[in-house]
Amino acid sequence: MAPKTRSALRAFMASEAAGGIILMFAAALAMAVANSPFASQYHDWLHTPVSPALTDKLGPMTLHLWINDGLMAIFFLFVGLEIKRELVDGRLSTWNQRRLPILAAAAGMAVPAVIYLLIAGGDPALANGWAIPSATDIAFAMGVLALLGRRAPTSLKLFLVTVAIVDDMGAVAIIAAFYTSSLALVPLAAAAAIVAALFVLNRLGVRAISLYLLGFAMLWYAVLLSGIHATIAGVVAAFAVPLIATPGTPDDAHSPLHRLEHLLDAPVAFFIVPLFGFANAGVHLAGITWNEILAPLPVGIAAGLFLGKQLGIFGAVWVAVKTGFATRPRGATWLQIYAVSVLCGIGFTMSLFIGGLAFADPSLVEEAKLGTLTGSLLAALLGYILLRRAPPASAQLREEAVLNEEIEQNGDVARC
């Protein structure tokens, strides 16, 4: 019988919480440096070429490009592993488990996009930014929950993680479908061949994760040349990594997917995501006027994140529960659920990432950053205050004990 190891769920939640706090620090540091006498050195450091061009489109590779197109592909590999694990052997493996987070995430992506288009969509130059407020930053949101300790029920943390994972699926699909330039057929064919080879390795039962990492690196370069954003290679490669499913029990220690997920956990949470935040959150605020702050682009993004996320997610959960489509997260009050819906408006990492893809004009990218930071900060503050003051559910302590026992014994929970 294969040996068992503790589920990745507990470690994932812990790392996201700690990584989120580090991400907050990295973002604050970026803002401080960008508005200090070291601002020019900060921008020069990011945009000075550090290696030859890999493609004619990107030109010489700067540190900023290596972070956004290279290291973030590893982040997307990690995201893809988590998505596959949840779909095959986790909280999204059955329809009963999927329906509430899928409905909440879908509404939480659609409503912000609509709000953005209502505010900024009238300008054709800004319409391409509709997806920026649709994303949720799980690390940042979990970091806020970590600051609350036991005031945030485990069921809400699980709900947030699950909604954010479905949200990530939507973000990946949006990037692939709407932010892809003209395609180069030969590299695209090479990418398809590499993907096929990876799935053949899976079917043959090959479990050496080094081979899958080598295939991921080759796929990344082929996708980079093809015109599709290179980070998509991470998600595609993740779905080829074999998973040994262990429903109702902790993860199998021999499962390649779980081994790779644990291997990437700390580097992604404590290095890649904070480095991305530091490289992309530095907005120079000196000289910004109220006219610029209240321009359609930043207001559309901020309103989409702060208002659209809470309206979409809380509204979807309320309708689902009232109609009997799904059950309310266990041991949580409606006020707590609303507060977590507000926290889902923290769009930091993925919103900044999509903002960089949506606009070629650097001034619009800076406006998008301003809107993302404003909306995310408002969502973080209001969500924290609400959860800090929200009275616990009468059954919270009992449900906490049940959920924690399920996570420890079964590696997951039957229902969030």
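In this predicted model, the lining of the largest pocket draws at least two residues from each of helix H2 (39-47), helix H3 (63-89), helix H10 (256-280), helix H14 (348-358) and helix H15 (362-389). The space in this largest pocket amounts to about 900 Å³, and of the 34 residues that line it, those closest to its centre are His64, Leu65, Asn68, Gly356 and Leu357. By residue class, the lining of the largest pocket is made up of 17 nonpolar, 13 polar and four charged residues.

The second largest pocket holds about 340 Å³ of space and is lined by 18 residues, with Phe140, Leu373, Ser376, Leu377 and Ala380 nearest its centre. At least two lining residues come from each of helix H1 (8-34), helix H5 (138-148) and H15, and it is H15 that provides the largest share, eight residues. The lining of the second largest pocket comprises 16 nonpolar and two polar residues, with no charged residue.

Side chains of opposite charge can pair when their charged atoms come close, and five salt bridges are counted in the model. Within helix H3, Glu82 and Arg85 lie three residues apart, about one turn of the helix, and form a salt bridge in which the closest N and O atoms are 3.1 Å apart. Arg85 forms a further salt bridge with Glu86, with 3.2 Å between the closest N and O atoms, and another with Glu261, at 3.3 Å from N to O. Because Glu261 lies in helix H10 and Arg85 in helix H3, this last pair ties together parts that are 176 residues apart in sequence. Through shared partners, the salt bridges join Glu82, Arg85, Glu86 and Glu261 into one network. The relative accessible area is 2% for Glu82, 1% for Arg85, 0% for Glu86 and 3% for Glu261; each value is under 20%, so these residues count as buried.

Helix H10 also contains Leu264, which is buried, with a relative accessible area of 11%. The C-alpha atoms of Leu264 and Phe78 are 6.6 Å apart in space, although the two residues are separated by 186 residues in sequence.

On the surface, Trp95, Ile102, Leu103 and Phe325 form a nonpolar patch that has about 350 Å² of accessible area together. Leu103, which belongs to helix H4 (residues 95-120), is partly exposed, with a relative accessible area of 32%.

Terms used
Residues numbered from 1 in each chain as written. Predicted model: local features only at pLDDT ≥ 70, side-chain atom pairs only at ≥ 80, totals over all residues. Heavy atoms only, no water. 1 Å grid on protein atoms, 1.4 Å probe; cavity = no way out; pocket = protein on both sides within 12 Å on 5 of 7 lines; lining within 4 Å. Points joined across faces, edges and corners; volume = space filled by probe spheres on them. Helix = DSSP H or I, 4+ residues; strand = E, 2+ residues; numbered from the N terminus. Nonpolar A, V, L, I, M, F, W, Y, C, P; charged D, E, K, R; others polar. Patch = residues over 30% accessible without salt bridge, like charges linked within 9 Å, V, L, I, M, F, W, Y side chains within 5 Å. Areas by Shrake-Rupley, 256 points an atom, 1.4 Å probe, with all protein chains shown as cover. Salt bridge = Lys/Arg side-chain N within 4 Å of Asp/Glu carboxyl O. Buried < 20%, exposed > 50% of the residue type's maximum accessible area, 1.4 Å probe, protein only.
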